[in-house]
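Me: I would like to learn how to read a structure feature by feature. Can we go through one together?

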Amino acid sequence: MNHRLLVLMLLVVMTSLSSVTVTGQHASASKATWTALRTSDGQPDLQGYWTNDAYTPVERALELGEKEFFTAAEAAAYFKKRQDQLHGQAKDNIHYDDAIWQGENYLKHADLRTSIVNDPRDGRLPPLTPAAQQRDAVRAEARRTGPSDSAASRSLAERCISWGNVGPPMVPPTYNANLQILQTRDYVVIRHEMMHDVRIIPLDGRPRLGKMIQQLAGDSRGRWEGETLVVDTTNFTDHTNFRGAPQTTRQDIFASHTLHVVERFTRVDEDTIRYQFTVEDPSTWTRPWSGEATIRKVEGPIYEYACHEGNYGLPNILSAARVEERRQR
């Protein structure tokens, strides 16, 4: 990376961090006097183009223990390390272009938080239940013995179905972490760039779907509590994937149909939404866990993620597997 550009980036990071307290709320006078926006229906206005892109990992590094926040200097050093990792790839690496097309037109957020997970206090996901460990073992064996038996054997991301970032909870993807929020009196709509998923959240108090109807992103119902949009989601499938790498130490974490997620969206100033969530699934984790992240305003629009167009990865994986099978006969 150009030295002058790196210095400029660090100055931007340090400047932004200097105006943030350890709670993640801006302390400047302009932020303190901000007047909450309202829609024509009188609701808190969450509309616009946003990103939850950040270098903050889902789980805290083990060596940090219960250290919930970086100092400004530590956060800047962590940010620099992650930037150096991205731009330090060898040019003969087939993924070198990641450093180009992952370079969004804004800086990734340099949060003081050491992890998105803030409960348990160690910033890490609770242990899996014995039932979840057994499910994971079955999936691991299937990946080992027949990873390319069919399209259904591959991940939802490879099949252009879901990346896992839509959630809920909404965990930042590696790139294209952009979204648009739209509102009417009776709905809040969250449109994600990755991978062209749209969450439609009713606010009109309608009953939930029957328990037999399950969806990857669950069945959400929203309500306003003062300035905060509270979204309660159930009716997940057993394929809902909390995408692991590179944000957690586990490659894939699958919840179950008993998953229950409560999210809270609070716009704290013109450019910031505080996003909080609690996850409960007694079939997967030994206790509930919670997290918090920052959603920041960006300039729109967002674009179609045409995952299938020109994507030869999946057919090539499957055809190569068939060639290998014939060779082993």
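Me: What is the volume of the largest pocket?

Reply: A word on the source before the number: this is a predicted model. The largest pocket has a volume of about 1,100 Å³.

Me: Which residues lie nearest the centre of the largest pocket?

Reply: Ser-155, Leu-156, His-239, Asn-241 and Phe-254 lie nearest its centre. They belong to a lining of 43 residues.

Me: Which helix and which strands each supply at least two residues of that lining?

Reply: The helix is H5, residues 130-145. The strands are S5 (198-202), S6 (219-225), S8 (241-243) and S9 (252-254). S5 gives the largest share, with five residues.

Me: How do the lining residues divide into nonpolar, polar and charged?

Reply: The lining has 17 nonpolar, 14 polar and 12 charged residues.

Me: Now the chain as a whole. How many helices and strands does the chain have?

Reply: Six helices and 12 strands. The chain runs to 329 residues, and 43% of them are buried.

Me: What part of the contacts joins residues 24 or more positions apart?

Reply: Take the contacts with a separation of 6 or more. Residues 24 or more positions apart account for 64% of those.

Me: Let us turn to rings. What describes a pair of aromatic rings?

Reply: Two values do: the distance of the centres and the angle of the planes. This structure holds seven aromatic pairs. One of them is formed by Phe-265 and Tyr-275. Their centres are 5.0 Å apart and their planes make 50 degrees, a tilted pair.

Me: Which parts of the chain does the pair of Phe-265 and Tyr-275 tie together?

Reply: Phe-265 sits in strand S10 (residues 260-269), and Tyr-275 sits in strand S11 (residues 272-280). The pair therefore ties together parts that are 10 residues apart in sequence.

Me: Is Phe-265 buried or exposed?

Reply: Phe-265 is buried, at a relative accessible area of 1%. Tyr-275 is buried too, with a relative accessible area of 1%.

Me: Which residues do ring pairs link into a cluster?

Reply: Phe-265, Tyr-275, Phe-277, Trp-285 and Trp-289.

Me: Next, a single residue. Where is His-192, and what is it in contact with?

Reply: His-192 is in strand S4, residues 187-192. Set aside its neighbours within four places in sequence. His-192 is then in contact with Asn-165, Val-166, Met-170, Asn-178, Leu-179, Asp-197 and Ile-302.

Me: Why does His-192 count as buried?

Reply: Buried means under 20% relative accessible area. His-192 has 4% relative accessibility, so it counts as buried.

Me: Why does Leu-64 count as partly exposed?

Reply: Partly exposed is the band between the buried cut-off of 20% and the exposed cut-off of 50%. Leu-64 has 23% relative accessibility, so it counts as partly exposed. Leu-64 is in the loop between strand S1 (48-51) and helix H3 (72-87).

Me: Which residues does Leu-64 touch?

Reply: Not counting residues up to four places away in sequence, Leu-64 touches Phe-70 and Thr-114. Leu-64 and Thr-114 are 50 residues apart along the chain, and their C-alpha atoms are separated by 8.1 Å.

Me: On to the backbone. Which residues does a cis peptide bond join, and what is omega?

Reply: A cis peptide bond joins Gly-167 and Pro-168, with omega about -5 degrees. The bond from Pro-168 to Pro-169 is also cis, with omega near 0 degrees. Pro-168 is in the loop between H5 and strand S3 (178-183). Pro-169 is placed in the loop between H5 and S3.

Me: What phi does Cys-160 have?

Reply: Cys-160 has a positive phi of about 60 degrees, although it is not a glycine. Its place is in the loop between H5 and S3. Cys-160 is buried, at 6% relative accessibility.

Me: And what phi does Asn-235 have?

Reply: A positive phi of about 65 degrees, and Asn-235 is not a glycine. Asn-235 is in the loop between strand S7 (228-234) and S8. Its relative accessible area is 10%, so Asn-235 is buried.

Key: Residues numbered from 1 in each chain as written. Predicted model: local features only at pLDDT ≥ 70, side-chain atom pairs only at ≥ 80, totals over all residues. Heavy atoms only, no water. Helix = DSSP H or I, 4+ residues; strand = E, 2+ residues; numbered from the N terminus. Buried < 20%, exposed > 50% of the residue type's maximum accessible area, 1.4 Å probe, protein only. Contact = heavy atoms within 4.5 Å. Phe/Tyr/Trp six-rings, centres within 6.5 Å; stacked < 30°, edge-to-face > 60°. 1 Å grid on protein atoms, 1.4 Å probe; cavity = no way out; pocket = protein on both sides within 12 Å on 5 of 7 lines; lining within 4 Å. Points joined across faces, edges and corners; volume = space filled by probe spheres on them. Nonpolar A, V, L, I, M, F, W, Y, C, P; charged D, E, K, R; others polar.
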